[in-house]
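This report goes through a few local features of one protein chain. Please have the sequence and the model open while reading.

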Amino acid sequence: MLHEEELKNVKMEQLLKEAEFMGLQSQINPHFLFNTLNIIARTSMFENAENTTKLILYLSAIFRYNLESQSDYITLSKEIEITEKYIYIQKYRFGDRLKFDVQCNVNTDQVYVPRFTLQPLVENAIIHGIEPKESGGSLRVKVFSKNDKIQLRIIDNGTGIPFDRKVKILNSSGDPYKGHTTGIGITNVMTRLRKYLSNDECFKIYSKERLGTIVTLTFPKKDVDKLA
């Protein structure tokens with residue numbers, strides 16, 4: 001019995017050490033990767049590999065943004081900036097198959113949104129809407145003021161979302177569309193927006209198969225001001 005108890009204690013100690021090591025890994029690895037990316041970027045800069053340098057710096061910026069979780073809210077201008085860096089990287093993969101533009105008539109420095117609101121929606125549109133099309137497609141982000149509200153729309157002419165999947169997303173009963181970069185899916189973005197704005201109507205999806213999808217986010221100006 002004593003021998004068995006000793007074995008259990010040894011096993012428990014091993015498990016605790018493994019857990020401690022894994023916890024340490026989770027703290028070190030992101031920073032190690034981030035620093036390594038910067039080293040590679042500097043090296044490619046010295047080698048006059050401008051495109052490679054830009055790709056690495058943009059990836060590093062996205063990675064840093066993912067690590068910065070101190071604030072729940074961020075300016076929409078910062079969200080757009082990170083999304084444009086993500087698009088720059090993706091255009092190297094898709095080439096002319098991916099067209100992207102931003103149309104904005106509001107001061108996005110004064111609009112606050114939950115962190116990682118825009119990029120996951122853009123990524124989902126690319127992966128699940130545009131990538132399956134051999135010819136590719138177009139993606140547009142529109143930000144505009146309407147009455148006492150600010151609307152953010154992500155518009156694509158991709159394959160569209162099947163009706164049953166759209167219902168599941170809107171009912172928060174499962175999200176088949178999760179982003180590869182952050183692991184954040186449409187349902188995650190929707191749930192956070194509804195929670196922060198206390199409004200179920202702030203997130204809408206209009207989609208037609210083979211024609212495309214429009215995701216509309218609505219922010220009452222008074223709520224946006226309170227987030228600042």
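How many nonpolar, polar and charged residues are in the lining of the largest cavity? The lining has eight nonpolar, five polar and one charged residues. The model is a predicted one.

## The cavity

A search of the whole structure finds one cavity of 30 Å³ or more. The space in the largest cavity comes to about 150 Å³. Its lining is made up of 14 residues, and those closest to its centre are Asn124, Ala125, Asp156, Ile161 and Thr213.

Three elements each supply at least two lining residues: α4 (118-130), β5 (149-156) and β7 (212-220). The largest share, five residues, is from α4.

## Ser207

Ser207 is in strand β6, which covers residues 203-208. Its relative accessibility is 13%, so Ser207 counts as buried, the cut-off being under 20%.

Two polar contacts of the Ser207 side chain can be listed. A polar atom of that side chain lies 2.7 Å from the backbone nitrogen of Ile161. The side chain of Ser207 is also joined to that of Thr213 by a polar contact of 2.7 Å. Both Ile161 and Thr213 are among the residues closest to the centre of the largest cavity.

Leaving aside residues up to four places away in sequence, Ser207 touches Gly160, Ile161, Lys166, Gly212 and Thr213. Gly160 is 47 residues from Ser207 along the chain, yet their C-alpha atoms are separated by 5.5 Å.

## Glu209

Glu209 lies in the loop between β6 and β7.

With residues up to four places away in sequence not counted, Glu209 touches Thr159, Gly160, Ile161, Pro162 and Phe163. Of these, Gly160 and Ile161 are also touched by Ser207.

## Helix α3

Helix α3 has 19 residues, 76-94. At 1.5 Å a residue the helix should span 27 Å, and the 26 Å between its end C-alpha atoms agrees with this.

The buried residues of α3 are Leu76, Ser77, Glu79, Ile80, Ile82, Thr83, Lys85, Tyr86, Ile87, Gln90 and Phe94. An α-helix has 3.6 residues a turn, so residues three or four places apart point the same way. Just after α3, Gly95 takes a positive phi of about 60°.

Terms used
Residues are numbered from 1 along each chain as its sequence is written. This is a predicted model: local features need pLDDT of at least 70, side-chain atom pairs count only at pLDDT 80 or more; totals for chains, interfaces and linings use all residues. Side-chain values use heavy atoms; hydrogens and water are left out. Helices (H or I, at least four residues) and strands (E, at least two) are DSSP runs, numbered from the N terminus. The expected span of a helix is 1.5 Å times one less than its number of residues. Buried means under 20% relative accessible area, exposed over 50%, partly exposed in between (1.4 Å probe, protein chains only). Contact means heavy atoms within 4.5 Å. A polar contact is a pair of N or O atoms within 3.5 Å; within protein, one must be able to donate a hydrogen and the other to accept it, and residues adjacent in sequence count only if both atoms are side-chain atoms. On a 1 Å grid over the protein atoms alone, a cavity is a set of points where a 1.4 Å probe fits but cannot get out, and a pocket is an open set with protein on both sides within 12 Å along at least five of seven lines; lining residues have an atom within 4 Å of a point. Grid points are joined across faces, edges and corners, and a volume is the space filled by probe spheres set on the points. Ala, Val, Leu, Ile, Met, Phe, Trp, Tyr, Cys and Pro count as nonpolar, Asp, Glu, Lys and Arg as charged, and the others, Gly among them, as polar.
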